Amino acid sequence: MEAAVPFFKIKDSEPIVIILSGTSGAGKDSVIKELLKRDDYQFHFVVTCNTRKIRPGEVDGVDYHFISRDQFQTMIENEEMVEYSQVYDDYKGVPKFEMEKGLADNHDVLLRLDIQGTEKVKKVYPDAISIFIVPPDPQTWYDRLINRGSDSESELCHRIETAKYEMKTIPNFDYLVINDDLQTTTDKVLSIIQAEHCRTTRTKILVE
Ligand SMILES: Nc1ncnc2c1ncn2[C@@H]1O[C@H](COP(=O)(O)OP(=O)(O)OP(=O)(O)O)[C@@H](O)[C@H]1O
Ligand SMILES: Nc1nc2c(ncn2[C@@H]2O[C@H](COP(=O)(O)O)[C@@H](O)[C@H]2O)c(=O)[nH]1
């Protein structure tokens with residue numbers, strides 16, 4: 001008698017919305033750049049809109065969509081943003097077309113957001129996962145911020161003050177990753193994403 005092998009079909013995990021947040025200078029951009037170099041992981045980085053001045057080395061349409069305050073206002077009025085927030089002295093927002101682009105390609109979408117944006121995007125995409133990145137210790141953090149050389153003294157004070165508040169919201173996040181060595185941090189972020197795809201709520205076996 002032949003054994004009756006049950007018929008089953010694997011329903012692969014749908015793309016995941018991943019939010020990377022953390023204090024200024026925690027290393028979000030550095031981790032994203034490392035992830036983009038990894039051949040074994042395909043994702044769509046959501047380029048957000050930003051009203052601040054472009055910094056040396058930044059590329060419009062790659063790092064951000066750099067737009068004027070008037071253009072930003074028009075996008076809000078036309079309901080073209082998933083969310084928008086004032087971050088430090090500028091406005092930042094997630095354009096709907098960027099989210100749609102990634103999800104249409106069936107890729108995970110990765111967003112770099114502050115804590116306000118994380119809360120708002122989680123309301124729109126409740127299955128999104130949120131990861132908070134922190135530097136390994138205060139002195140290393142300060143040195144990294146200073147060496148980056150992108151902020152004036154007053155901007156730096158503003159970012160450090162904001163960080164104190166942001167760190168108190170860490171329990172609202174799904175994961176916390178300490179950014180000591182960049183490769184290890186990137187590996188940890190990738191492991192979190194891989195584990196999330198393996199959740200029984202995402203990958204399913206259909207048995208007949
Ligand atoms: N693991 C690391 N080891 C050494 N330097 C690092 C590491 N991670 C980040 N850095 C450096 O620290 C500085 C801040 O990192 P990065 O710009 O990626 O932070 P961020 O979280 O994106 O900041 P912001 O929110 O202000 O844009 C950069 O100069 C970066 O090269
Ligand atoms: N709520 C949102 N926050 C955003 C968005 N895009 C970026 N960000 C956050 O701003 C900080 C600061 O950016 P900086 O480039 O001026 O240093 C960044 O690290 C993110 O946390 C957004 O669309 N919405």
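Colleague: Let's start with Tyr 64: which residue lies over its face?

Modeller: Bear in mind that this is a predicted model. A charge counts as sitting over a ring when, among other conditions, the CZ of Arg is within 6 Å of the ring centre. Here the distance from the Tyr 64 ring centre is 4.2 Å, and the residue lying over that face is Arg 112.

Colleague: How many aromatic pairs are there?

Modeller: Rings pair if their centres lie within 6.5 Å. By that rule the count of aromatic pairs comes to five.

Colleague: Is the pair of Tyr 41 and Phe 43 stacked or edge-to-face?

Modeller: The centres of Tyr 41 and Phe 43 are 5.2 Å apart, with 15° between the planes. Planes under 30 degrees apart get one label and planes over 60 get the other. So with an angle of 15°, under the 30 degrees cut-off, this pair is stacked.

Colleague: And what is the angle between the planes of Tyr 64 and Phe 66?

Modeller: Tyr 64 and Phe 66 have ring centres 5.6 Å apart and pair edge-to-face. That label needs planes over 60 degrees apart. The angle for Tyr 64 and Phe 66 is 70°.

Colleague: Are Tyr 64 and Phe 66 buried or exposed?

Modeller: The test is relative accessible area, with under 20% on one side and over 50% on the other. Tyr 64 and Phe 66 share one label here, and that label is buried.

Colleague: On to ligand 1: how much of its accessible area does the protein cover?

Modeller: Ligand 1 has 15 residues around it, with Ser 24 and Asp 180 among the closest. One of its oxygen atoms is 2.9 Å from a polar backbone atom of Gly 25, and a polar side-chain atom of Arg 159 lies 3.0 Å from an oxygen atom of the ligand. Of the 630 Å² that ligand 1 has on its own, the protein covers 76%.

Colleague: What share of ligand 2 does the protein bury?

Modeller: Ligand 2 is surrounded by 17 residues, and Arg 52, Tyr 64 and Glu 83 are among the closest. An oxygen atom of ligand 2 has a polar side-chain atom of Lys 92 at 2.5 Å, and Arg 159 places a polar side-chain atom 3.1 Å from an oxygen atom of ligand 2. Taken alone ligand 2 exposes 520 Å², and the share buried is 94%.

Colleague: Where does ligand 2 sit?

Modeller: A molecule sits in a pocket if more than half of its atoms lie within 2 Å of the grid points. Ligand 1 takes up space in the largest pocket, and ligand 2 also sits in the largest pocket.

Key
Residues numbered from 1 in each chain as written. Chains lettered and ligands numbered in written order. Predicted model: local features only at pLDDT ≥ 70, side-chain atom pairs only at ≥ 80, totals over all residues. Heavy atoms only, no water. Phe/Tyr/Trp six-rings, centres within 6.5 Å; stacked < 30°, edge-to-face > 60°. Buried < 20%, exposed > 50% of the residue type's maximum accessible area, 1.4 Å probe, protein only. Lys NZ or Arg CZ within 6 Å of the ring centre and 35° of its normal. Near = heavy atom within 4 Å. Polar contact = N/O pair within 3.5 Å; in protein donor to acceptor, adjacent residues only side chain to side chain. Areas by Shrake-Rupley, 256 points an atom, 1.4 Å probe, with all protein chains shown as cover. 1 Å grid on protein atoms, 1.4 Å probe; cavity = no way out; pocket = protein on both sides within 12 Å on 5 of 7 lines; lining within 4 Å.
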